[in-house]
Amino acid sequence: DSSRELWSRLRSDYPNSPLAAESAFWLGEIAIRTDRPEEAIRILDDLLKSLPNTNRPAWATTAQLRRVQALTSMKKWDEVTKLVEMLLKDDEFSKNADFLGEVLYARGRAYQGLARFDDSRKSFQAVIDSKPPGELAAKAQFMRGETYFHEKNYRDALREFLKVDILHESSVWQAAALLEGGKVYEQLNQPADAADLYKRLVERFPNEPAAIEAKTRLVALKVPANVQYAWPHPSRQFLYVATSNRGAGLKADNNHLTAWRINPHTGALTPHGPVQTLPMRAVHICVSPCGDSGGYVLSGHNLPKSGVTVNRINADGTLGAAVPQQQKTDIGIYAHQIRTDASGKTLILVTRGNRPEPKKAEDPGALKVYNFDAETGLVRGTTWANLFSPHSDTYDLSVDPRGAVADPNSGPRAIFSWMG
């Protein structure tokens, strides 16, 4: 902000000075670097129109390049391609490796944005062939892989990503390419090869941002089936993950709940304790507040019928077996999300229901509220009976709270409240 203010003052206080134009250039540069491309375009357009056609200052070429980059940031692909074609006719760009690679890269991005993938790859290859300084060649090689990946041409995408690692020296782009290569192997259903690339990435480039996602994907490759949902322990030392093999047209017969220890320094996950089997696919899970107990993992199931499973969390963070429920509770239709309140004593279940069909009425969704016993892990239903009348009168009202309870003597209670 102080630099921007300085250049603005210089430009306004000395409008006829030779430095006024250069001040405008630096204001445009600041706008580009602070992610304000619209402002940069406005400043640079006015600046370039004010300059003579000959004997332009040395920074005028850079100003043209910044215009290209600002238009690219704004995804104005047609304007980018037209401007680049014009600039490539200028020797300042076509014969200068610093500028040539940048404008060719911008043209490649524009063609990619326009879904002209063959032209995009040619432009990125032209960047590589121009031997630009810095990391631009590695970036262009990476983008060639991205264009193939976007077209779902996974084999060619893999070749380009591996070239980044083999042919270029740029840790950030080598790491990113290994990550994308692992994703390609996942698409090709080659999990062992994917894990190999992720491990290579983590070992060679542990400090690159791509290593964080690689660690997460390594964990996903180790879980019993496809990840459905995950929830951290309140201590942030453990992560609980629900997995299932259910998919389109597939029966959910491999459903599990797993615990993972979180490395406090790296975020890496390692298996923690035994795997617990779930009766159905868990579409959502949560962890109840611990309180005086170790807490619980609550799983909500939707198919083939709604259900709730409660697994106790042991003192060491591992998972215990499911808690047998003593009461047959109405779980609604198509459970979709399960939560507890801050006290951990109330369980809230969102049930989605189902749309109506030509020969079937709508299955209504609902918001279900239950009592949750944090000591025993038991879920108990709550029913509200309401009587409202606009008249003052005498009514005979009885509520029979009998249900399917293991011990009738300790069954449900009826609590009455009068509003009047």
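Q: A crossing is left-handed if the near helix is turned anticlockwise from the far one by less than a right angle, and right-handed if clockwise; which hand does the crossing of α3 and α4 have?
A: The crossing of α3 and α4 is left-handed. This is a predicted model, in which local features need pLDDT of at least 70 and side-chain atom pairs count only at pLDDT 80 or more, while totals for chains, interfaces and linings use all residues. Residues are numbered from 1 along each chain as its sequence is written, and side-chain values use heavy atoms, with hydrogens and water left out.

Q: What angle and distance describe the packing of α3 and α4?
A: Helix α3 (residues 37–50) and helix α4 (residues 59–73) pack at about 145°, and their axes are 9 Å apart. Axes are lines fitted to C-alpha atoms, for helices over the stretch in contact, with angles from 0 to 180 degrees between N-to-C directions. Helices (H or I, at least four residues) and strands (E, at least two) are DSSP runs, numbered from the N terminus.

Q: Which residues make the contact between α3 and α4?
A: With contact meaning heavy atoms within 4.5 Å, the residues include Ile41, Leu44 and Leu48 of α3 and Trp59, Ala63 and Arg67 of α4. By class, this contact has 11 nonpolar, two polar and three charged residues. Ala, Val, Leu, Ile, Met, Phe, Trp, Tyr, Cys and Pro count as nonpolar, Asp, Glu, Lys and Arg as charged, and the others, Gly among them, as polar.

Q: What makes β6 and β9 edge strands?
A: The open sheet has the order β6-β7-β8-β9 with antiparallel pairing. β6 (282–287) and β9 (319–322) each have a single partner strand, so one side of each lacks a neighbour in the sheet. Two strands pair if DSSP finds at least two bridges between them; five bridges join β6 to β7 (residues 296–301). Ala282, for example, has His301 of β7 as its bridge partner.

Q: How many bridges join β11 to β12?
A: Six bridges join β11 (residues 346–351) to β12 (residues 366–372), and the two run antiparallel.

Q: Why is the pair of Tyr296 and Phe372 called edge-to-face?
A: Rings of Phe, Tyr and Trp (its six-membered ring) pair if their centres lie within 6.5 Å; planes under 30 degrees apart count as stacked, over 60 as edge-to-face and the rest as tilted. The centres of Tyr296 and Phe372 are 5.3 Å apart and the planes stand at 90°, so the pair is edge-to-face. Tyr296 lies in β7 and Phe372 in β12, so the pair ties together parts 76 residues apart in sequence.

Q: Why is Phe149 called partly exposed?
A: Buried means under 20% relative accessible area, exposed over 50%, and partly exposed in between (1.4 Å probe, protein chains only). Phe149 has 22% and is therefore partly exposed. Tyr154 has 16% and is therefore buried.

Q: How do we know that Gln141 is buried?
A: Its relative accessible area is 3%, so Gln141 is buried. This residue is found in helix α9 (residues 136–150). Leaving aside neighbours within four places in sequence, Gln141 is in contact with Ile128, Glu160, Lys163, Val164, Leu167 and His168.

Note on methods: Left-handed = near helix turned anticlockwise from the far one by under 90°.
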